[in-house]
Amino acid sequence: MSRILLLNGPNLNLLGTRQPEIYGADTLPQIEARCAERAAGLGFDLTARQSNHEGALVDAIHDARSDCAGIVLNAGAYTHTSIALRDAIASVALPTVEVHLSNIHARERFRHRSHIAPVAIGQISGFGPLGYLLALDALAAHIEGATG
Ligand code: CA2
């Protein structure tokens, strides 16, 4: 079975503990479990990883080359700062869907710019944890050739 990498960046391990009005009440393990179920329904295995460290996220993206058909990525604040993550996505050339729990375009100006967006096949932002499931649907459809 093909595999998808679900990769979450800095501070997302704290989901469900603070700022539920922005990021929702679900914990990351709950989100990961729901994503694994959704992926299985779509015919994919799921590897879920999270790190607070930029280099570890780059390594996870590189590792995905060996066994993954695509990536769902919430790079957290690195979205707005990291050329290294952008380059990693571009270099592995795996279809990547960018996800944000909050609507980054409706928040502070510094969150409006994404370095990931130009190398992603699309961005889902503002739908809370549902966004991860929508991203899996979109990525599976893309991998199966149903979309551009
Ligand atoms: O909306 C998103 O998913 C973000 O990627 C979340 C990042 C933020 O820097 C991006 O601009 C948008 C921050 C994640 C912080 O996660 C927390 C979780 C629990 C409590 C506090 C922060």
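At 35% relative accessibility, Glu 108 counts as partly exposed. Here, buried means under 20% relative accessible area, exposed means over 50%, and partly exposed lies in between (1.4 Å probe, protein chains only). The model is predicted: local features need pLDDT of at least 70, side-chain atom pairs count only at pLDDT 80 or more, and totals for chains, interfaces and linings use all residues. Residues are numbered from 1 along each chain as its sequence is written, and side-chain values use heavy atoms, with hydrogens and water left out.

Side chains of opposite charge can pair when their charged atoms come close. A search of the whole structure finds 6 salt bridges. A salt bridge is a side-chain nitrogen of Lys or Arg within 4 Å of a carboxyl oxygen of Asp or Glu. Glu 108 meets Arg 111 in one of them, at 2.7 Å from N to O. Glu 108 also meets Arg 107, at 3.8 Å from N to O. Arg 107 is partly exposed, at 22% relative accessible area. Arg 111 is buried, at 17%.

Another salt bridge joins the side chains of Asp 137 and Arg 38 (2.9 Å, N to O). Asp 137 lies in helix α5 and Arg 38 in helix α2 (residues 28–41), so the pair ties together parts that are 99 residues apart in sequence. Helices (H or I, at least four residues) and strands (E, at least two) are DSSP runs, numbered from the N terminus. Asp 137 is partly exposed, with a relative accessible area of 26%. Arg 38 is partly exposed as well, at 30%.

Of the 16 residues around the ligand, Asn 74, His 80, Leu 101, Ser 102 and Arg 111 come nearest. A residue is near a molecule or strand if one of its heavy atoms lies within 4 Å of it. Polar contacts (pairs of N or O atoms within 3.5 Å; within protein, one must be able to donate a hydrogen and the other to accept it, and residues adjacent in sequence count only if both atoms are side-chain atoms) were also listed. A polar side-chain atom of Ser 102 lies 2.5 Å from a ligand oxygen. For Asn 74, a polar side-chain atom is 2.8 Å from an oxygen atom of the ligand. Leu 101 takes part through a polar backbone atom, 2.7 Å from a ligand oxygen. Taken alone, the ligand exposes 510 Å², and the protein buries 95% of that. Accessible areas come from the Shrake-Rupley method with a 1.4 Å probe; for residues, only the protein chains shown count as cover.

Ser 114 sits in the loop between β4 (96–100) and β5. Ser 114 is buried, at 12% relative accessibility. Its side chain reaches the backbone nitrogen of Ile 116 at 3.0 Å. The backbone nitrogen of Ala 117 also lies 3.0 Å from a polar atom of the Ser 114 side chain.

Ala 135 is found in helix α5. This residue is buried, with a relative accessible area of 0%. Leaving aside neighbours within four places in sequence, Ala 135 is in contact (heavy atoms within 4.5 Å) with Val 72, Val 97, Val 99 and Ile 124.

Phe 127 is exposed, at 52% relative accessible area. Phe 127 is found in the loop between β5 (122–125) and α5 (130–143).
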